[in-house]
Amino acid sequence: MKRIKKFKNVEELKKAIEQQEAGRQQEKKKRVIVVSSGTCGQARGSLKVIETLKKALREEGLKDQVTIRITGCHGFCEAEPNLIIYPDRIFYQKLTPPDVRTIVKETLVEGRVVEKFLHRDPLTKERAWYENEIPFYQKQKRIVLGDNVFVDPTSLLEYLAIGGFRPFIKALTRMKPEEIIQTVKQSGLRGRGGAGFPTGLKWEATRRAPGDIKYIICNGDEGDPGAYMDRSVLEGNPYRVLEGMMIGALAIGAREGYLYVRDEYPLAVRHVTLALEQLYRAGLLGEKILGTDFSLDLHLAKGAGAFVCGEETALIASIEGRVGEPRQRPPFPAQKGLWRKPTCINNVETWANIPLIILNGADWFSSIGTSGSKGTKIFSLVGKINNTGLVEVPMGITLREIIYDIGGGIPEGKAFKAVQTGGPSGGCLPASMLDQIIDYESLTAAGSIMGSGGMIVMDEKTCMVDVAKYFLNFLRDESCGKCISCREGTQRMWEIVRDITEGLGRPEDLELLEELALATKEASMCGLGQTAANPVLSTLRYFRDEYEAHIYEKRCPAGVCKSLIRYAVIPEKCTGCEACKRACPTGAIQGTRKDTHLILYDKCIKCGACLEACRFEAIEAQREEAITIVREVKP
Amino acid sequence: MITMKINGVEVKAEEGWTILETAKFYGLEIPTLCHHEGLTPYGGCRLCLVEIGEGPRAKLVSSCTYPAEEGLVVHTDTKRVVQARRMMIELMLSVAPYSKVIQDLASKFGVTRMRFKIRNEECILCGLCVRMCEEQMDGKAIGFQNRGFQRKISTPFDLRSEECRLCGGCIYICPACQLRCQGPQAETAICNACLTMEPTCLDFYDELQCWMYDAGRCGTCVREKKS
């Protein structure tokens, strides 16, 4: 890594940016191989791929002609580890170290494209040669995530090479704080953490709050199961977030700020730490930045893994060293926040949008999206979907476009059943809502929330009562326990739903569940409790028939709830391949090769391993006939 | 002075007062449990809920922690408030059915059903003892442990605390373990022995009209509780 010199004034920084940008232009003539290596990539072996790639290039003598850039996640997690070869933008996916050797030989030396490593569309089965031909990327509008491809997140100079810190220079030299706030207000940017509060108004309130000492905080405590937008932004482009915070501090009049990142994100923590170090060394943080009167200190605060600390008052308590529990607002953090001083707290994605708004102007940003929700939103598209990954889409896109056009539909041709948006406290939307457009208001009207952007797709083999149970279990554990409505409310809702999945449900349970869910929503203090009932309320609203089937018929329509099903072999379909027999952990399957198998019910633990193993759909979940469920006598 | 409206009446509050304090000053009763004048407000029991704002933006907040604000419109006993409050009492009963304080509250607010499985923990985690120990007794011997459904009150590491002087402040202030109710009926877990009257106004109006809160005293709108 090149040693960074301290920039003494704006001119020096400008010069450095120009120099780096010119270097990038030069680089375009050369071959550049981009390997994505975020947490998702590393989990699938990208580090080994990089190692082999370096070795192969050395062996072929291409070391000096080809540049390797190791970046954060590009969003297409399904295709990890992948590499893109510039300038042609050939996209190879799902690689192993031996594949990389083939690619180096074939593509780099011989100049041929290796077809079998190209992306193949799950619906049309067509191969896409180039990155921009892949349907997953085509419908997205990647203003925040898109630059991840061009930046090595560990190097400040790389960020300068894509024009980084130009927005900061613009804000520092040519804009008054009021103008910055006005621009953000006009852009219509709303908080990306979930609640959707207009960012400009928040900044203005913090700026106007009396007091000399003000703080800014970046909320990177992303704890939802199945959501990792903020992690990827922090890992892939930490400088953009930091630059956004610097501009924010300039506008608000803060001299100190915190990045609150969960400690469960080691790579994000590492990249942010590195970025902070380099910014201090470059004189872009600290006293008298670039020789001006503006000073800013940014610190990293590591969260210890509590979902509730994503709530702003709990997060502040956590930074202060107290137990992470929310408190009543008002006073809002903009009036009394960290150490009782005015504090502006925004989500990672919100901060990452700021440099773009300052650089391109408010009109550019507000031209994207719907009337009430501007810009783009990153969703983490996970669950039963072909193209798992992060998708950045303009507000106002429909769920159908995200799931079918970008996500590539449901695997194995199964039918779509529901999509859960907004994390554990969001709601499940059924197929009839697929043409729902996505913005803050319409999602709330549909009984879900935007949340931080989790999007879990479920297919026909998902039991919605089981889903509600899963999220309630998460919430009863993650509730801080201060309000009785949230602590006992989630616990009791979980108990009722658990009983229903075990065949112990009573008809009156549904009424009680609904009443309790509403009370939890109304009576709780913070956002966690107020939205904790959403999984129950939305599944009750759209999938009431499934609850009723569990209660009245003691039947799980999707064949998921273990107490209500048993696995059986369909003799006509069974080929006697013994695959299920090998998969069974308890030896409950009998039968010899080429002979119809049989499941012994007294040994079967209903783990479902046989169902997964069978390639002939010869195992099905049947209704447990012998079910004699007697509800235990209540005192 | 802050001017605001409680139940349609214009009231004036001092700077720094909460809604609860203002209401009390004007003699309007709001039920509380985790609140105590000598301790910092906590907002955990959710009994002192009131509805603030109007129209679609109206919401429920705990009056013990919400500061009095200029122009605030407060309703202390709308249907929404009463329903939520009843559910809170029902939830408390399910974990501390032998507490006379909670049984009395159940009687007062007409909670006649308890539909959850009893999990007798004799504690509703209102935090009064924790605040009493820290703020009045200067002990800090007890505190909360864990979170969510595993939350409990104990000394650090569940060991006998050297900070504890056995002053008994925590027991004195506890609403759940200090006064005992005769005991719940086996069927409903609700004593309701103290309940004979209930106000009828909620059948006709959206708000409880009886500011005395003492069902029966005004004599105009109560009826004998059926069974």
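Which residue in S2(B) does Ile6(B) stand opposite? In this predicted model, the residue opposite Ile6(B) is Val9(B). Strands of a sheet can pair in either sense, parallel or antiparallel, through backbone hydrogen bonds.

Chain B as a whole contains six helices and nine strands. Of its 227 residues, 38% are buried. Among the contacts in chain B with a separation of 6 or more, 57% link residues 24 or more positions apart. The domain assignment divides chain B into domain 1 (2-80 + 196-224), domain 2 (81-124 + 180-195) and domain 3 (127-174). Between domain 1 and domain 3 of chain B, seven residues of the former are in contact with seven residues of the latter. On the domain 1 side, these comprise three nonpolar and four polar residues, with no charged ones.

The contact between the two chains involves 29 residues of chain B and 28 residues of chain A. On the chain B side, strand S4 (59-62) and helix H2 (79-95) are the elements that give two or more residues. H2(B) supplies the largest share, eight residues. Sorted by class, the side of chain B that touches chain A holds 17 nonpolar, six polar and six charged residues.

Helix H11 (residues 238-252) of chain A and helix H14 (residues 348-360) of chain A have axes that come within 7 Å and cross at roughly 75°. H11(A) is therefore roughly perpendicular to H14(A). From H11(A), the residues that meet H14(A) include Arg240(A), Val241(A), Glu243(A) and Met245(A). Their counterparts in H14(A) include Val348(A), Trp351(A), Ile354(A) and Ile358(A). Nine nonpolar, two polar and two charged residues make up the contact of H11(A) with H14(A).

Strand S10 (residues 343-347) of chain A is mostly covered, with five of its five residues buried. In a regular strand, side chains alternate between the two faces of the sheet. For S10(A), Thr343(A), Ile345(A) and Asn347(A) lie on one side and Cys344(A) and Asn346(A) on the other, and both faces are covered. S10(A) pairs in parallel with strand S7 (residues 215-220) of chain A over five bridges. Within this pairing, Ile217(A) has Ile345(A) as its bridge partner.

Elsewhere in chain A, five strands form an open, mixed sheet in the order S12-S11-S15-S13-S14. Its edges are strand S12 (389-394) and strand S14 (427-430) of chain A, each of which pairs on one side only. From one strand to the next, the twist averages 30°. Inside the sheet, strand S13 (residues 416-421) of chain A and strand S15 (residues 454-459) of chain A are antiparallel and share five bridges. Here Gln420(A) has Ile456(A) in S15(A) as its bridge partner.

Most residues other than glycine have a negative phi, and most peptide bonds are trans. A cis peptide bond links Glu80(A) to Pro81(A), with omega about -20°. Pro81(A) sits in the loop between strand S2 (66-71) and strand S3 (83-86) of chain A. Pro330(A) and Pro331(A) are likewise joined by a cis peptide bond, with omega near 0°. Pro331(A) is placed in the loop between helix H13 (312-319) and S10 of chain A.

Positive phi values complete the picture. Leu290(A), although not a glycine, has a phi of about 55°, and belongs to the loop between helix H12 (266-281) and strand S9 (297-303) of chain A. Leu290(A) counts as buried because 22 other C-beta atoms lie within 10 Å. Glu578(A) has a positive phi near 70°, in the loop between strand S16 (565-569) and helix H24 (579-583) of chain A. With 16 other C-beta atoms within 10 Å, Glu578(A) is partly exposed.

Note on methods. Residues numbered from 1 in each chain as written. Chains lettered and ligands numbered in written order. Predicted model: local features only at pLDDT ≥ 70, side-chain atom pairs only at ≥ 80, totals over all residues. Domains from an automatic or database assignment. Nonpolar A, V, L, I, M, F, W, Y, C, P; charged D, E, K, R; others polar. Helix = DSSP H or I, 4+ residues; strand = E, 2+ residues; numbered from the N terminus. Pairing = 2+ DSSP bridges. Buried ≥ 20, exposed ≤ 12 C-beta atoms within 10 Å, placed from the backbone. Axes fitted to C-alpha atoms, helices over the stretch in contact; angles between N-to-C directions. Parallel < 35°, antiparallel > 145°, perpendicular 65-115°, else oblique.
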